Amino acid sequence: MYNLLKEHSEFEKTIKWLRVLMYIAITSLVNSIANYIPFVSADVTTWISRGIMVAMILCMFQLSSVNRRYKTAAILRTIWLGTLLVGTLLHTPATLILGTSILSVIAVYQEYHGHSELIEVMDAELSRKWNSLFIWSFIAPLLLSIGSSVAMITATFRHLDVARITAITTGIMRIPQYVIDVIYLLYLKKMIGILTERTEGGSL
C-alpha cells in the first residue's frame, strides 16, 4: 500500500479527502447531538444525516484509488441509503431494515480496515487501533441495546414509567457511540498528520 501511494503520487489527494472525511464526521457528530435538542426538528436532522451519508459515499469513492476497501464501503453505503429511502416511502418491513443495518456494519468494517491498511507501514500501532475501534463500535452498542431491552422489560413488569425508562436508556446508549465518534476523529487527525509529515519531509 505504501509503494502504491508513492508510485501514483497519491499522498496529497489522500490527505485532502481524509480531511474532508474528518469534516464530514464532525458534522455528523454535531447533527447527532442536535437530534436530542428539543427545539430542533427531527425531520431536519434526519435529512441532514442522509446528506452527510451522500457526502461520505462520495469521499469514499475518492479514496478508493489507494485502497479498494473504500470503494466497497462506498458501494455498501449506497445500497444501504437507497434501501433506507425506499423503505421509508414504502413502509418496508423491519426485516429488510435489519438487513440494511447489517450492510452498514460491513461498510464500517471495510472503511476502518481500509484506514488500517493505509497507515500500516507508517504506523503499525495506529493500524491496530483502527481494527480495535471497529470491534468496539460494534460490540458496545450491541451490549447496550441488550441492556436497554432488559431495562424496558423490567420496567414493564414492575409497572414503572416505560417512556421515561426508554428515554433514559436511549440517552445512555448514545454515550459510547459519542466516545467512539470522538476517537474516530482523533485517529483520522493523527493519520492525516502522519501522511502530511511524510509528504512535507520528502520521505516518500
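The points below describe the fold, confidence, aromatic pairs and surface of a predicted model.

1. Overall make-up. The chain contains 7 helices and 0 strands. Read from the N terminus, its elements run α-α-α-α-α-α-α. The chain has 204 residues, of which 36% count as buried.

2. Confidence. The mean pLDDT of the chain is 81, with 71% of the residues at 70 or more. Helix α1, residues 2-7, has the lowest confidence, with a mean of 50. The highest belongs to helix α2, residues 11-34, at 92.

3. Contacts along the chain. Taking contacts between residues at least 6 apart in sequence, 74% join residues at least 24 apart.

4. Gln110. This residue lies in helix α5, residues 94-119. Its relative accessible area is 13%, so Gln110 is buried. Leaving aside residues up to four places away in sequence, Gln110 touches Arg69, Thr72, Ala73 and Leu76.

5. Aromatic pairs. The whole structure holds 6 aromatic pairs. In one of them, the ring centres of Tyr109 and Phe134 are 5.2 Å apart and the planes stand at 75 degrees, so this pair is edge-to-face. Tyr109 belongs to helix α5 and Phe134 to helix α6, and the pair links parts of the chain 25 residues apart. Tyr109 is partly exposed, at 30% relative accessible area, whereas Phe134 is buried, at 13%.

6. A further pair. Tyr112 and Trp130 have ring centres 5.5 Å apart and planes at 65 degrees; because the angle is over 60 degrees, this pair is edge-to-face. Tyr112 is in helix α5 and Trp130 in helix α6, so the pair ties together parts 18 residues apart in sequence. Both residues are buried: Tyr112 has a relative accessible area of 7%, and Trp130 has 0%.

7. Aromatic cluster. Tyr109, Tyr112, Trp130 and Phe134 belong to one aromatic cluster, together with Tyr184 and Tyr187.

8. Surface. The chain exposes about 11,900 Å², and 67% of this area comes from carbon and sulfur atoms. A nonpolar surface patch is formed by Val105, Ile135, Trp136, Phe138 and Ile139, which together have about 450 Å² of accessible area. Helix α6, residues 124-157, supplies the largest share of the patch, 4 residues. Trp136 lies in that helix, α6. The relative accessibility of Trp136 is 55%, and the cut-off for exposed is over 50%, so Trp136 counts as exposed.

Terms used
Residues are numbered from 1 along each chain as its sequence is written. This is a predicted model: local features need pLDDT of at least 70, side-chain atom pairs count only at pLDDT 80 or more; totals for chains, interfaces and linings use all residues. Side-chain values use heavy atoms; hydrogens and water are left out. pLDDT is the predictor's confidence in each residue, from 0 to 100. Helices (H or I, at least four residues) and strands (E, at least two) are DSSP runs, numbered from the N terminus. Patches are made of residues with over 30% relative accessible area and no salt bridge: like charges are joined within 9 Å, nonpolar side chains (Val, Leu, Ile, Met, Phe, Trp, Tyr) within 5 Å. Accessible areas come from the Shrake-Rupley method with a 1.4 Å probe; for residues, only the protein chains shown count as cover. A salt bridge is a side-chain nitrogen of Lys or Arg within 4 Å of a carboxyl oxygen of Asp or Glu. Buried means under 20% relative accessible area, exposed over 50%, partly exposed in between (1.4 Å probe, protein chains only). Contact means heavy atoms within 4.5 Å. Rings of Phe, Tyr and Trp (its six-membered ring) pair if their centres lie within 6.5 Å; planes under 30 degrees apart count as stacked, over 60 as edge-to-face and the rest as tilted.
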